[in-house]
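Work through these exercises with the structure open beside you. Try each task before you read its solution.

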Amino acid sequence: MIRSFTMAPIAENVQKVLESVKENKTTVAAVGLGGLAVAGAALYCRRRQLTPPAVGKYPVGTLPADAYDAVIVGAGPSGSVCAFYSAKAGAKVAVLDKATFPRDKYCGDAVCTPAIRILEDMGVLKELMDNNEAHFADAGGFVSPMGISYVGASKEKLGEAACCAVKRTNLDSRIAKKAKSAGADLKEGFEVTGATFDKEAGLWTVTAASGATVRG
């Protein structure tokens, strides 16, 4: 259900790494030929993965009008974040969810530092803060049934809170809507019941309980 599309920002970063290696040959040599070979192979594979195919079933720009580059099942945080960045990179994306947003979900509601950075980059964190939906923790930790505990003071030690709490009804809805605003086709109330692959057409067909279908 995934087609190739251009991801220029990542490709540019890979190129910068390659140029940096060329400009610092002495430093690179210190890591040893073995390490350099491994790093080079990893970068080569990464570049191959990021390069859209010139030939194939559907080279870039030739996808059928009713089909998507990517069909993502589940518009929770991971699915909607994927849809957001894919759409921003130029892909035609459909993200499907059986629920209609906003919807709640059982969860501890904690958002860790790496996730906070992603929400910040997407513009979602500002929306949450402006609406008093993100509550940052100055300290937190764990206590086991046996009394063994660990309590961290992130603001004191790191200068900022390491996590925040956001109700899933707010978090999931804002991320999903942000993906939609980036160009992703958010299909709510789409309960996926199956997916079949048409080898001849080279496309997947995702089917909903209602009988609706999406191709990609």
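## Backbone exceptions

This is a predicted model. Asn132 has a relative accessibility of 55%, so Asn132 counts as exposed.

**Exercise 1.** Locate Asn132 and find what sets its phi apart.

*Solution.* 
- Step 1: Asn132 sits in the loop between helix 6 and strand 4 (135-137).
- Step 2: Its phi is near 55°, a positive value in a residue other than glycine.
- Step 3: Most residues other than glycine have a negative phi.

**Exercise 2.** Examine the loop between strand 2 and strand 3, and describe Asp109 and Pro102 there.

*Solution.* 
- Step 1: Asp109 lies in this loop. Its phi is positive, about 70°, although Asp109 is not a glycine.
- Step 2: Decide whether Asp109 is buried or partly exposed. Buried means under 20% relative accessible area. Asp109 has 21%, so it counts as partly exposed.
- Step 3: Pro102 lies in the loop between strand 2 and strand 3 too. Check the peptide bond joining Phe101 and Pro102: it is cis, with omega about 0°.
- Step 4: Again, recall the rule. Most peptide bonds are trans.

## Helix 4 on its own

**Exercise 3.** Compare the length of helix 4 with the expected value, then list its buried residues and what covers them.

*Solution.* 
- Step 1: Helix 4 has 12 residues. From first C-alpha to last it reaches 16 Å, close to the 16 Å expected at 1.5 Å a residue.
- Step 2: The buried residues of helix 4 are Gly79, Ser80, Val81, Ala83, Phe84, Ser86 and Ala87.
- Step 3: Keep the helical repeat in mind when reading that list. An α-helix has 3.6 residues a turn, so residues three or four places apart point the same way.
- Step 4: The cover over these buried residues includes strand 1 (70-73), strand 2 (93-97), helix 5 and helix 8.
- Step 5: Look just past the end of helix 4. Gly90 takes a positive phi there, about 110°.

## Helix 4 and its partners

**Exercise 4.** Describe how helix 4 (residues 77-88) packs with helix 8 (residues 168-181).

*Solution.* 
- Step 1: Get the geometry. The angle is about 20° and the axes are 8 Å apart.
- Step 2: Classify the pair. Angles under 35 degrees count as roughly parallel. Helix 4 and helix 8 are therefore roughly parallel to each other.
- Step 3: Assign the hand. Helix 4 passes helix 8 in a left-handed crossing.
- Step 4: Name the contact residues. Helix 4 supplies Pro77, Ser80, Val81, Ala83 and Phe84, while helix 8 supplies Arg168, Leu171, Asp172, Ile175, Ala176, Lys178 and Ala179.
- Step 5: Sort them by class. The contact of helix 4 with helix 8 has 8 nonpolar, 1 polar and 3 charged residues.

**Exercise 5.** Repeat the analysis for helix 4 and helix 5.

*Solution.* 
- Step 1: These helices pack at an angle of about 40°, with axes 12 Å apart.
- Step 2: Helix 4 and helix 5 are therefore oblique to each other.
- Step 3: The crossing of helix 4 and helix 5 is left-handed.
- Step 4: Val81, Phe84 and Tyr85 of helix 4 meet Ile118, Asp121 and Met122 of helix 5.
- Step 5: By class, the contact of helix 4 with helix 5 has 5 nonpolar, no polar and 1 charged residues.

## Helix 8 on its own

## The whole chain

**Exercise 6.** How many helices and strands does the protein have, and what share of its residues is buried?

*Solution.* 
- Step 1: The protein has 8 helices and 11 strands.
- Step 2: Of its 216 residues, 28% count as buried.

Conventions:
Residues are numbered from 1 along each chain as its sequence is written. This is a predicted model: local features need pLDDT of at least 70, side-chain atom pairs count only at pLDDT 80 or more; totals for chains, interfaces and linings use all residues. Side-chain values use heavy atoms; hydrogens and water are left out. Axes are lines fitted to C-alpha atoms, for helices over the stretch in contact, and angles run from 0 to 180 degrees between N-to-C directions. Helices (H or I, at least four residues) and strands (E, at least two) are DSSP runs, numbered from the N terminus. Angles under 35 degrees count as roughly parallel, over 145 as roughly antiparallel, 65 to 115 as roughly perpendicular and the rest as oblique. A crossing is left-handed if the near helix is turned anticlockwise from the far one by less than a right angle, and right-handed if clockwise. Contact means heavy atoms within 4.5 Å. Ala, Val, Leu, Ile, Met, Phe, Trp, Tyr, Cys and Pro count as nonpolar, Asp, Glu, Lys and Arg as charged, and the others, Gly among them, as polar. The expected span of a helix is 1.5 Å times one less than its number of residues. Buried means under 20% relative accessible area, exposed over 50%, partly exposed in between (1.4 Å probe, protein chains only).
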